[in-house]
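Open the model in your viewer and keep the selection tool at hand. We will go stop by stop.

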Amino acid sequence: MIENDFIPLSYKYEKEQGRVQWKAPSNIALVKYWGKKQNQIPANASVSFTLDECRTITSVEFAKLDKVTNEFSFDLLFEGKSREDFKPKIETFFKRIEKYIPFLKSYHFSINTSNTFPHSSGIASSASGMAALSLCLMDIEKQMVSEMDLDFFYKKASFLARLGSGSACRSIKGNLVQWGEHNDIIGSTNLYGIPYPYPVSEVFKSFQDTILLVHKGQKSVSSTVGHNLMHNHPFGQKRFEQAHDNLIRLRSIFAQGNLDDFIEVVESEALTLHAMMMTSIPYFILMKPNTLNIIEKIWEFRRDSKKHLCFTLDAGANVHLLYPNNEKREVNKFIKEELIAYCENGQYICDQIGFGAKKM
Ligand code: PMV
């Protein structure tokens with residue numbers, strides 16, 4: 001598909017008003033997207049586990065305006081409260097997608113959104129938030145055309161979400177989602193995320209993700225700034241090649257359920273992401289001392305117990321602990337006894353691999 005396939009030719013039905021509601025999950029990248037070209041095109045392909053518990057729930061009420069305006073007309077409630085400071089982000093998103101959702105200036109939208117994870121937990125809500133909003137808009141569009149097949153519906157939702165926040169395009173479907181053109185991955189595209197198209201061993205289908213909240217404050221450097229620092233980065237090209245090669249490696253790892261090699265790829269990806277931050281100009285560090293304390297503890301635990309617990313990191317200080325479901329008992333004991341001490345106010349979130357967004 002090409003971008004123009006997402007521009008609707010005409011709408012058959014004019015809706016006066018209505019309401020739609022969707023919940024969309026967060027996701028955690030195994031091979032990281034860091035660095036982008038114009039129009040939210042990733043510098044390298046990535047793959048992620050879709051999460052289950054960490055979700056955004058968004059409802060959109062829409063009412064036809066008397067006349068089409070020059071501006072977007074919407075109000076926004078976040079967790080029941082009006083949030084003017086969130087509006088510029090939605091405004092930018094609407095500008096980017098207007099070409100593909102031409103009815104945006106014909107309606108007033110009341111957007112009501114909330115997260116299942118604590119606000120300012122350091123967990124980015126942009127992926128689940130943009131995914132949920134995109135699905136709501138697609139739901140409205142679906143009501144205006146005579147027929148829309150589900151495959152197109154989800155592809156376009158992912159396409160729109162990508163324009164809001166790159167990684168959001170991986171938050172529409174479960175349980176393993178690939179985004180970005182890659183010669184060896186059939187159906188892969190820069191435009192939207194696709195369900196991982198190759199065999200995946202059962203062990204990965206019930207993987208656990210416990211998120212340790214190390215630092216709940218605002219990040220000192222946003223991912224937008226971080227992505228931009230990959231332009232002319234001294235190790236940028238090598239990094240993009242490495243991500244490409246790691247995706248090739250993962251194909252047999254997923255098929256065979258090879259946990260030792262999985263750990264090596266995933267931890268290396270997390271540390272490389274942060275190495276890119278530390279070696280850009282200007283350089284910055286998003287990890288905190290407790291991020292490193294936790295990593296050392298994980299390595300020690302793995303050496304002693306031979307369990308398959310590993311970590312990954314987002315663009316922040318929090319640590320995602322990934323492990324197979326059948327090792328949950330031992331790992332949870334270890335988390336409680338050894339790791340909670342490093343979390344801000346002892347807070348952590350238990351999540352697992354999930355199966356994608358749902359209409360409510
Ligand atoms: O989607 P963005 O622009 O917030 O970037 C996300 C970047 C990482 O979370 C660090 C990696 C990824 O692939 O999700």
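**Met 278**

Start by selecting Met 278, which is partly exposed, with a relative accessible area of 38%. A residue counts as partly exposed when it falls between the buried limit of 20% and the exposed limit of 50%. Keep in mind that this is a predicted model. Met 278 belongs to helix α6. Now show its neighbours. Leaving out residues up to four places away in sequence, Met 278 touches Tyr 283, Phe 284, Ile 285 and Met 287. His 244 and Met 278 are 34 residues apart along the chain, and their C-alpha atoms are separated by 21 Å.

Move on to Ile 281 and Pro 282. Is the peptide bond that joins them cis or trans? It is cis, with omega about 0 degrees. Pro 282 sits in the loop between α6 and α7.

**α7 against α8**

Select helix α7, residues 289–305, together with helix α8, residues 328–339. Their axes are 12 Å apart, and the packing angle is about 140 degrees. That makes α7 oblique to α8. The crossing of α7 past α8 is right-handed. Show the side chains next. On the α7 side, pick Ile 294, Lys 297, Ile 298 and Phe 301. They meet Glu 330, Val 331, Phe 334, Glu 338 and Leu 339 in α8. Colour the contact of α7 with α8 by class: six residues are nonpolar, none is polar and three are charged.

**Asn 345**

Step past α8 to Asn 345, in the loop between α8 and β13 (348–352). Asn 345 has a relative accessible area of 65%, so it is exposed.

**α2 against α3**

Select α2, residues 126–144, along with α3. How far apart are their axes? The distance is 8 Å, and the helices pack at an angle of about 135 degrees. α2 and α3 are therefore oblique to each other. α2 also passes α3 in a right-handed crossing. From α2, the contact takes in Met 130, Ala 131, Ser 134, Leu 135, Met 138, Asp 139, Glu 141 and Lys 142. From α3, the partners are Phe 152, Phe 153, Tyr 154, Lys 156, Ala 157, Leu 160, Ala 161 and Gly 164. Ten residues in the contact of α2 with α3 are nonpolar, two are polar and four are charged.

**Aromatic pairs**

Now display the aromatic rings. A pair of rings is described by the distance of the centres and the angle of the planes. The count for this model comes to 29 aromatic pairs. Zoom in on Tyr 100 and Phe 159, an edge-to-face pair with 4.8 Å centre to centre and 85 degrees between the planes. This pair links distant parts of the chain, 59 residues apart. Tyr 100 is in the loop between α1 (87–97) and β7 (107–115), while Phe 159 is in helix α3, residues 150–164. Tyr 100 and Phe 159 are buried.

Go next to Phe 207 and Phe 262. Their ring centres are 5.4 Å apart and their planes are at 70 degrees, so the pair is edge-to-face. Here too, distant parts of the chain are linked, 55 residues apart. Phe 207 lies in the loop between β9 (193–195) and β10 (208–212), and Phe 262 lies in helix α6, residues 259–278.

Finish the rings with a cluster. Select Tyr 11, Phe 62, Phe 72, Phe 74, Phe 93, Phe 94, Phe 103, Tyr 107 and Phe 109, which ring pairs link together.

**Backbone stops**

Switch to the backbone. The peptide bond from Gly 174 to Asn 175 is cis, with omega near -20 degrees. Asn 175 is in the loop between α3 and β8 (176–179).

Jump to Asn 39, in the loop between β2 (36–37) and β3 (41–42). Asn 39 is not a glycine, but its phi is positive, about 60 degrees. Its relative accessible area is 53%, so Asn 39 is exposed.

End at Asn 232, in the loop between α4 (223–228) and α5 (236–256). Asn 232 has a positive phi, near 60 degrees, in a residue other than glycine. With a relative accessible area of 79%, Asn 232 is exposed.

Notes. Residues are numbered from 1 along each chain as its sequence is written. This is a predicted model: local features need pLDDT of at least 70, side-chain atom pairs count only at pLDDT 80 or more; totals for chains, interfaces and linings use all residues. Side-chain values use heavy atoms; hydrogens and water are left out. Axes are lines fitted to C-alpha atoms, for helices over the stretch in contact, and angles run from 0 to 180 degrees between N-to-C directions. Helices (H or I, at least four residues) and strands (E, at least two) are DSSP runs, numbered from the N terminus. Angles under 35 degrees count as roughly parallel, over 145 as roughly antiparallel, 65 to 115 as roughly perpendicular and the rest as oblique. A crossing is left-handed if the near helix is turned anticlockwise from the far one by less than a right angle, and right-handed if clockwise. Contact means heavy atoms within 4.5 Å. Ala, Val, Leu, Ile, Met, Phe, Trp, Tyr, Cys and Pro count as nonpolar, Asp, Glu, Lys and Arg as charged, and the others, Gly among them, as polar. Rings of Phe, Tyr and Trp (its six-membered ring) pair if their centres lie within 6.5 Å; planes under 30 degrees apart count as stacked, over 60 as edge-to-face and the rest as tilted. Buried means under 20% relative accessible area, exposed over 50%, partly exposed in between (1.4 Å probe, protein chains only).
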